[in-house]
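Biologist: Please pick one part of this model and take me through it closely, then follow where its residues lead.

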Amino acid sequence: MEIDHFSHEHHLILEEEEHKHVINGDGDIQRFRCCNGCLDPIPSSFDGGYYRCVSNKCEFFLHKLCAELPPEINHPLHPEHKLTLFAEMSCLCDGCNCSWRNFTYHCQECDFDLDIICATLAERKIDHKSHMHPLIRLRHPGLFNCKACDIKHEGIFYQCLICLSFLIHESCLLLPTTIEHSDHEEDHPLILAYSLPSQYCTFQNFCDICTKPVEPIPWVYYCSICVFFAHVNCAASKIEPFMSIFLPRRASKVTIEEVEDSDSSDVIHFPVVDQSVTLISYILKGTNIVTEDETANQVLNHFSHEHPLIPEVQDCDCSESSSKRKLCLMNDTRVDETICNACVKPIFATPFYRCAEQCNFFLHKCCAELPTKIDQHPSHPEHLLILLPKSPTFFNLFECGGCHLYCNGFSYTCSRCTFYLDVQCGSLPNTIKHEGHHPNHVLSLRSKICNGCDACSRTSYRPMLAYGCDSCDFLLESRCALLLSQKVRHRYDEHPFILTYYPVKYHSDEYYCDLCEKPLNPKIWFYHCGYCDRSIHFGCLRPFYRWANIKYGRTLEIESHQHPLALAPVIHPDTKLNNSFRAITNYSRCDNCSKFLYNSIYVRNAYLFGFRCVECDFTLCYECAESCNYEHGDELK
C-alpha cells in the first residue's frame, strides 16, 4: 500500500513486519528507526505498522498513526479555533510545556501549539501484556521510577490512569520480546518476562551478566533451557561488565587471550576424582612432601600411640574398589568403617597402619608422616603450631579454627592462644586450581570472612579458610574446594553422580534433590546423574555434616549411671541412620539438666553431639558429661 504525504516528496509504502533486535558481539543493540513525525522509535507498541520511503536513499519513516493524522482537528485544549498540522515546526508545546520540533498542530491566530503526542493522547492508549489496564503516553519532566527496570528516568512514560504508580519508561516499553546476547552464545534467544517466573522464585537469582541480584518484580530476560537471567538494562546495554567474564559458567566462552602463570605448572588441581582418594595424601604427594618408600612395610612406633603400629599392605575388608564403592551419604552413616585417628576420615585403600594390640587405632600412611610443626599458617600466622595426637580438651573434642567443624582427631595447636586446627586444614596447599573456575587462574589460600562462597553461596560470620582468586572476585570455602570430589556413587543409582557447576541444558523440569526431596538451586554446585536425570545437594553429603570430623566408639563412665555412655551426634529427627548408630535427635532432653541438646554448645545449624547410653536411652549433654567427669574423675575409654 502506497500513499503520498505532504511532509515528504516521495511515495511512502506500508511495512507491517516485525524487526528482530540483536545484541551484536560488542554488546550493542541494533538501532531503532525513528518516526519523522513524533520522533519515537519504530516499530511502536501502539502501532501495527509504519510507512517508509520507497527510495532506499531516504531514511524517512512515519508511524501509521502519524501518517494518517487529519490535517485539521478540534481540540478541547483550544476549542476556539481549529488546529492545523505542520510538518516541521519548532515550538513550546502549550499542552506539556516542553520544547518540540517536527509534526505540530498550530493555531495561527492565537499562536497556540500542540505537539502531535499531546494532540493524540486518546489515540495513543495501548494495551500491554505487562499490565491489566490500558496505558496512556505521558511526558514527565522529573525523575520517576520505571516498573520495568526499577531505575529512575525522565521523559516519556506509559502510565496507568487506574494504577497511578504503574509507569513504564518508553525505552523499556519498546524492548523486544526476544533478544540474542553475546553472553548467551546458544541457539536459543533470551525471552522477556514481565516478572521473574514463579518457578525461579524459590531461590535468590543473580544476573549472569553483571552478577547482581535479580529481584522478582522487575522485568527480566531469561532462558529456561540454560537457567540464564539478565536484567533488561544489562541485556540491552553496550557496556560489557569486565568482571563477569570470570563466572564459572562462562569459563569456556572467554575470548580474552590470557597467559598461564609460568609458576603454576606444579599447582595441585581439584576436585579429586572420587571419595576413595585420601585428601592429605593427595595434597602431600602433590607438594612432594611425602613420597613412596620401603618403610611402608615396617612396624612403626608412632608418638601418638602407646603400642606399635603394623602396616596393612593387603586389600582390607573395609576397602572396596573405588569404581564400585558407594559413597557414605547423610542417610547412610556407618560405624563399622575403618577410621583414621588423625584425619578422622575412612580408610579406603592400603597401605595404612593399625595397632598391633587390636586397639581401635588406625592411621593413613600419609597421616603417620605429617610434619610435627607448622609455621605461619594463614589461619594463625602469629605463632608456631605443634601437632598433638590428643587435644587437651574434654574428650579431646575441639573446634577447628580453619573450618569451624568439631573434631577429635590430631590437631595442630597453639597452646598460648588455645587455637586448634585439624590436620586436614593444617595440610591445605597454599595455591590450587579448580575445575569450577577459569583454567588459567590460580586460587590462593587465605583466612577471611566469606561474603558468599561461589560453590555453596554460604556467608561466614567468622574468619575461615578459603581459596580466592587474585584476578577476580571468585571465592571458595576450603571445604567446598577440596572435599567435593568429581564424582560420587549412591546405592540407589548404578551410575556415578558428577559434580556440576551450572544448570544442565535442556533440563525438563524443576530441580529437586533425590535425597532430601527439597528444591535444588541449579546455580549452586550440585551432583547430577545425566543418565537417570537425578540430582543431589552436595550439602546432603556426609563431609559437610557438623559432626563429620568426629570418630565415635569411645565411652564415658559416670557415677550416676550404671552403663557406659558413648559419644553420639545430635541429628535432625528426619535423618535416617544405620540402626547400630545410636544418634540423638535435636528434640531430646538431657536427663541431668533437662535442656534440649542442641543448646549444649552453640553452633550455627545446631548439629552437634552429646552422650548416650549404649544399653538404654539415658542421655547427657556435653556440659553435664564434662561436669560429671571433672567432679568424679571417671575413666575415659
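Modeller: Four strands form an open sheet in the order β16-β17-β20-β21, with antiparallel pairing. Its edge strands, each pairing on one side only, are β16 (178-179) and β21 (228-231). Strands here are DSSP runs of E of at least two residues, numbered from the N terminus, and two of them pair if DSSP finds at least two bridges between them. This is a predicted model, in which local features need pLDDT of at least 70 and side-chain atom pairs count only at pLDDT 80 or more, while totals for chains, interfaces and linings use all residues. Residues are numbered from 1 along each chain as its sequence is written, and side-chain values use heavy atoms, with hydrogens and water left out.

Inside the sheet, β17 (residues 190-193) and β20 (residues 220-223) are joined by three bridges in the antiparallel sense. A193 stands opposite V220 of β20. For comparison, β13 (residues 135-145) and β14 (residues 152-160) also run antiparallel, over eight bridges. There R137 has Y158 of β14 as its bridge partner. Six residues separate the two strands of that hairpin, where D150 takes a positive phi near 60°.

In the largest core, of 67 residues, L363, L482 and W525 touch the most other members. Leaving aside residues up to four places away in sequence, L482 touches F270, L279, I283, L428, P429, I432 and Y467. A second, separate core has 35 residues, including F166, L173, A193 and C234.

A cavity is a set of points on a 1 Å grid where a 1.4 Å probe fits but cannot get out, and lining residues have an atom within 4 Å of a point. Of the 14 residues lining the largest cavity, C403, Q424, C425, R479 and L483 lie nearest its centre. With four residues, α8 gives the most to this lining. Eight of the lining residues are nonpolar, three polar and three charged.

Note on methods:
Core = buried A, V, L, I, M, F, W, Y, C linked by side-chain atoms within 4.5 Å. Buried < 20%, exposed > 50% of the residue type's maximum accessible area, 1.4 Å probe, protein only. Contact = heavy atoms within 4.5 Å. 1 Å grid on protein atoms, 1.4 Å probe; cavity = no way out; pocket = protein on both sides within 12 Å on 5 of 7 lines; lining within 4 Å. Nonpolar A, V, L, I, M, F, W, Y, C, P; charged D, E, K, R; others polar.
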